[in-house]
Amino acid sequence: MSTRWYPIYQRGNPQLRVFLPNFWLKLVRPENQQPPNVVQFACSMEMTRHDVKSYLEKIYKVPVVNVRTRIALGGTKRDLVLGYITKEEDTKYAYVTLPSTEKFSFPDIFPTDAKQKIEDDKKSLEDAKKNHKKFLDKNKDRPGTPGWFSI
């Protein structure tokens, strides 16, 4: 099914007719742990499992063993002021199984070195302790300061 407009009819042959379906796929990080050869896509509601398979095989040259689809219902919300109910759009998910030799993993776009993160956290904690100690030393002789400030 397509919502695109076709060109106006003109006399003569050949007529230029191009069919462009409104199919789309979006790679999604799965919420639950999946086997390494299963990839999750959000896709157009009109796409069937056969469409998903042929789309991936013909356009992206990806070998596909199996495709499973499910429709996730959109959430409903009630407006607190006026009381009307709104519903978010439903989403169709396609779970594509690749051959067992193929493995898919999301690229690590923002690599975080665990040791570097721990060192940064320790440095930040030491800076906070030092600044707090400086604050306490600056205000220890100030009248009206509660006694629990002195350590």
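Me: What makes aspartate 127 and lysine 123 a pair about one turn of the helix apart?
Reply: Both residues lie in helix α2 (residues 114-138), where they are four residues apart, about one turn of the helix; a helix here is a DSSP run of H or I with at least four residues, numbered from the N terminus. The model is a predicted one, in which local features need pLDDT of at least 70, side-chain atom pairs count only at pLDDT 80 or more, and totals for chains, interfaces and linings use all residues. Residues are numbered from 1 along each chain as its sequence is written, and side-chain values use heavy atoms, with hydrogens and water left out.

Me: Why is the contact of aspartate 127 with lysine 123 called a salt bridge?
Reply: The term asks for a side-chain nitrogen of Lys or Arg within 4 Å of a carboxyl oxygen of Asp or Glu, and the N to O distance in this pair is 3.9 Å, so the contact qualifies as a salt bridge.

Me: Why is lysine 123 called exposed, and aspartate 127 partly exposed?
Reply: Buried means under 20% relative accessible area, exposed over 50%, and partly exposed in between (1.4 Å probe, protein chains only). Lysine 123 has 55% and is therefore exposed, whereas aspartate 127, with 32%, is partly exposed.

Definitions and conventions. Helix = DSSP H or I, 4+ residues; strand = E, 2+ residues; numbered from the N terminus.
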